[in-house]
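Open the model in your viewer and keep the selection tool at hand. We will go from stop to stop, and at each one you will hear what to select.

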Amino acid sequence: MVEYSKPLPEITPDNKPFWDACKRHELSLQRCQDCGHLRLPSPICQKCLSMNSGWVSVSGRGKVYTWTMIFQRYNPVFADELPYNVAMVELEEGPRLITNIVGCNNEDLRIGMEVEVVFEDVTEEITLPRFKPVS
Ligand code: ZN
């Protein structure tokens with residue numbers, strides 16, 4: 001595996017199940033055990049403030065909610081990729097996550113574009129979820 005020099009997510013006890021699922025190439029969300037609300041990793045349910053939660057695998061499908069292009073080199077390790085997209089994908093199940101759209105030209109990005117998750121094993125420990133257009 002090529003050495004990965006870009007910033008990596010910080011694994012915490014609260015988000016570890018999410019990243020463990022990514023490593024298995026599964027997208028997983030936290031489900032509130034009291035009201036059923038699905039969310040990205042968070043110690044507390046944003047709907048009912050319950051701390052009782054479990055994890056469920058989800059489809060990995062969604063739509064581009066919004067996106068932007070990065071032209072400025074804010075971090076030198078991204079210099080080779082300029083310009084690159086940063087997108088917010090709204091999952092079928094509701095939560096929105098920040099990611100990159102891969103497998104399509106940046107000029108072809110559209111709000112509402114149907115996408116599905118793909119997993120990139122960037123280190124031994126970390127697999128990043130990215131999204132590609134549904135073919
Ligand atoms: Zn809840």
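Start by selecting Pro83, which sits in the loop between S4 and S5; helices (H or I, at least four residues) and strands (E, at least two) are DSSP runs, numbered from the N terminus. Most peptide bonds are trans, and most residues other than glycine have a negative phi.

A word on what you are viewing: this is a predicted model, where local features need pLDDT of at least 70, side-chain atom pairs count only at pLDDT 80 or more, and totals for chains, interfaces and linings use all residues. Residues are numbered from 1 along each chain as its sequence is written, and side-chain values use heavy atoms, with hydrogens and water left out.

Next, select His25 in the loop between H1 and S1. Its phi is near 60°, a positive value in a residue other than glycine. His25 counts as partly exposed because its relative accessibility is 38%; buried means under 20% relative accessible area, exposed over 50%, and partly exposed in between (1.4 Å probe, protein chains only).

Then move to Leu49, in the loop between S2 and S3. Leu49 also has a positive phi, near 65°. With 64% relative accessibility, Leu49 counts as exposed.

Now for the metal. Which residues coordinate the zinc ion? Select Cys32, Cys35, Cys45 and Cys48: each gives its SG atom, at 2.3 to 2.4 Å. Donors are N, O and S atoms within 2.8 Å of the metal (3.2 Å for Na, K and Ca); water is not among the atoms, so sites may look incomplete. Along the chain the donors follow the spacing C-x2-C-x9-C-x2-C. Cys32 in strand S1 (residues 28–32) and Cys48 in the loop between strand S2 (38–39) and strand S3 (53–57) are 16 residues apart. Cys32 counts as buried at 2% relative accessibility, while Cys48, at 35%, counts as partly exposed.

For the last stop, select Leu27, Val89, Leu91, Ile101, Val115, Leu128 and Phe131. Of the 24 residues in the largest nonpolar core, these touch the most other members. Such a core is a set of buried Ala, Val, Leu, Ile, Met, Phe, Trp, Tyr and Cys residues joined through side-chain atoms within 4.5 Å. Elements that give two or more residues to this core include helix H1 (16–23) and strand S5 (84–91).
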